[in-house]
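Trainee: I am new to this structure. Could you walk me through how to read it?

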Amino acid sequence: MSILHKIKAYLYDNLLTKDDPNDFIARTISEQSLDIKQICNVAVTRDGADIPSVAMEHATELFQKEMANL
């Protein structure tokens with residue numbers, strides 16, 4: 001089964017190709033910023049992660065700390 005994800009974007013004139021009126025550049029629309037806790041909650045509720053969101057959050061924070069140390 002494939003999962004489709006939508007990306008919202010605005011189209012702007014491409015200033016590098018002014019001669020082509022049909023050439024645009026797309027810039028994504030940021031809807032909101034999410035923190036680790038929110039992302040882990042979504043992973044559990046929407047995608048059916050097999051661990052609790054609290055455990056996923058803790059593991060992610062440990063990973064980020066170790067990544068910063070290295």
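Trainee: What radius of gyration does the chain have, and what would a compact globule of 70 residues have?

Mentor: Welcome! This is a predicted model, where local features need pLDDT of at least 70, side-chain atom pairs count only at pLDDT 80 or more, and totals for chains, interfaces and linings use all residues. Residues are numbered from 1 along each chain as its sequence is written, and side-chain values use heavy atoms, leaving out hydrogens and water. The radius of gyration is taken over C-alpha atoms, and the globule rule is 2.2 Å times the number of residues to the power 0.38. Here the chain has 19 Å, while a compact globule of 70 residues would be near 11 Å.

Trainee: How many helices and strands does the chain have?

Mentor: Helices (H or I, at least four residues) and strands (E, at least two) are DSSP runs, numbered from the N terminus. This chain has 2 helices and 2 strands, in the order β-β-α-α along the sequence.

Trainee: Is N14 buried or exposed?

Mentor: Buried means under 20% relative accessible area, exposed over 50%, and partly exposed in between (1.4 Å probe, protein chains only). N14 has 19%, so N14 is buried. Of the 70 residues, 9% count as buried.

Trainee: Where does N14 lie, and which residues does N14 touch?

Mentor: N14 sits in the loop between strand 1 (9-13) and strand 2 (24-28). Contact means heavy atoms within 4.5 Å. Leaving aside residues up to four places away in sequence, N14 touches D23, F24 and I25. Of these, I25 belongs to strand 2 and is partly exposed, at 36% relative accessibility.
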